[in-house]
Amino acid sequence: MRALRFDGTQPVLDPAAREPVLSPGDALIRPTTVGICSTDLEICRGGTNFVGTLGHEFVGICEEVHLPPDAPASLVRRAQAVKGKRVVGAINIVCGHCDLCRTGLSTHCRHRTVLGVAGRDGCFADRFTLPVMNLHPVPDSVDDARATFAEPLASAAHAAGMLRLQGKTYVTVLGDGKLGLLCAQVMARHNPSVRLLGKHPAKYGLCDRWGIKHRHINEVGRLQDQDVVVDCTGSASGLALAMQLVRPRGKIILKSTISPLPIPPGAPVPGANHPAWATPVNLAPIVINELELIGSRCGPIPDALALLERNEVQVDQLITARYPLAKGVEALTAARSGHIKVLITI
Ligand SMILES: [Zn+2]
């Protein structure tokens, strides 16, 4: 089978990748459409330690399930609900037994792997596996292209769920990439004063269509008057700007995972005193202004499917290119250059 892999140096299309092996509780999925995320690009830049099949945003057919003989009723029920169906899935693979799993923090499982990101091959392939319990059937009214947004949209819904958005809350979303555009849409449903700050005039047209306020990042005063700032910039400068925009005792939601220093594969790691390791942001305003800084990662897939099914979030307009898997390497190159969302058809 084919798989689009990061080999430690560059992305390559492997025409003869190893077939995935199902563990008890796993499902075999044949993806039909997958989405390229900034995390995939970060991996290809050598910004993480991941080597293997890329990809974690997918919609596909659950072709096979492998249930252990002593499968609990909940697993049997989920298997019946997804087998042979069109599915999307949560990307954290968790143990279910550690202290965090047992106390409801399974997305932070101590033994977790992440589809196509950490310790587990991803979905940019003809076939891949995920635990049955991670899968959710896709409503018929949500087509494949829109369903690939379930994972990033769940992440946006999770960020919105961490906030009280109703009432006179001033919310700024920083960054007009995919995640910023999704967060702004989800949050604006609860609060029409939500505004998006970006750098790309091409994205303003989308905000206009959705009725979302927008400004260029350089056009706004640093007035420390926002109740909430959601940083989706993907850069350390986003946090610095967020601290200039948020009011004292306000909240900053960080969606950006900022690696301090991408070390090219094979390059020597700089010594501890190298300036590249220095914190690139002055964190004093957090103390002085008593700010609340909240990290936010993945969210619940069913919430995202509900938003897509009710057509409450527009995602079609975010798709700017499609490639077949055979041109997967080109798709990754394209995703790096100005596109909003690039999809790969398997
Ligand atoms: Zn666990």
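Two strands count as paired here if DSSP finds at least two bridges between them. Helices (H or I, at least four residues) and strands (E, at least two) are DSSP runs, numbered from the N terminus. Residue numbers start from 1 along each chain as its sequence is written. The model is predicted, with local features needing pLDDT of at least 70 and side-chain atom pairs counting only at pLDDT 80 or more, while totals for chains, interfaces and linings use all residues.

View 1. Seven residues of domain 1 are in contact with eight residues of domain 2, where contact is a matter of C-beta atoms, placed from the backbone, lying within 7 Å. On the domain 1 side that touches domain 2, the residues divide into two nonpolar, four polar and one charged. For that tally, Ala, Val, Leu, Ile, Met, Phe, Trp, Tyr, Cys and Pro count as nonpolar, Asp, Glu, Lys and Arg as charged, and the others, Gly among them, as polar.

**View 2. Strand E1 and its two partners.** Look along E1 (residues 3-6): Ala3 and Arg5 point one way, Leu4 and Phe6 the other way, and all are buried. Buried means that 20 or more other C-beta atoms lie within 10 Å of the residue's own; exposed means 12 or fewer, partly exposed is in between, and the C-beta atoms are placed from the backbone. In a regular strand, side chains alternate between the two faces of the sheet. E1 runs antiparallel to strand E2 (residues 11-14), joined by four bridges, and Leu4 stands opposite Leu13 in E2. E1 and E2 make a hairpin with four residues between them, and in the turn Gly8 has a positive phi of about 105°. E1 also runs antiparallel to strand E4 (residues 52-53), with two bridges; there, Phe6 has Gly52 as its bridge partner.

**View 3. A three-stranded open sheet.** The order here is E7-E8-E9, and the pairing is mixed. Strand E7 (92-93) and strand E9 (119-120) stand at the edges with a single partner strand each, so one side of each has no neighbour in the sheet. Strand E8 (residues 113-115) pairs with E9 in the parallel sense over two bridges, and Val114 stands opposite Gly119 in E9.

**View 4. Helix H5.** H5 (residues 150-161) has twelve residues and reaches 16 Å from first C-alpha to last, close to the 16 Å expected at 1.5 Å a residue. That expected span is 1.5 Å times one less than the number of residues. Eleven of the twelve residues of H5 are buried, among them Glu151, Pro152 and His158.

**View 5. Strand E12 up close.** Both faces of E12 are covered: Val171 and Val173 on one side and Thr172 and Leu174 on the other are all buried. Three bridges join E12 (residues 171-174) to E13 (residues 195-198), and the two run parallel. Val173 stands opposite Leu196 in E13, and Thr172 has Arg195 as its bridge partner there. E12 pairs with E15 in the parallel sense too, over four bridges, with Leu174 opposite Asp231 in E15.

**View 6. Two loop residues with a positive phi.** Most residues other than glycine have a negative phi. Gln224 is not a glycine, yet its phi is positive, about 50°. Gln224 sits in the loop between strand E14 (213-216) and strand E15 (226-231), and is partly exposed, with 15 other C-beta atoms within 10 Å. Asn311, also not a glycine, has a positive phi of about 60°. Asn311 lies in the loop between helix H10 (301-309) and strand E18 (319-324) and counts as exposed, with 11 C-beta neighbours inside 10 Å.

Note on methods:
Two residues are in contact if their C-beta atoms, placed from the backbone, lie within 7 Å.
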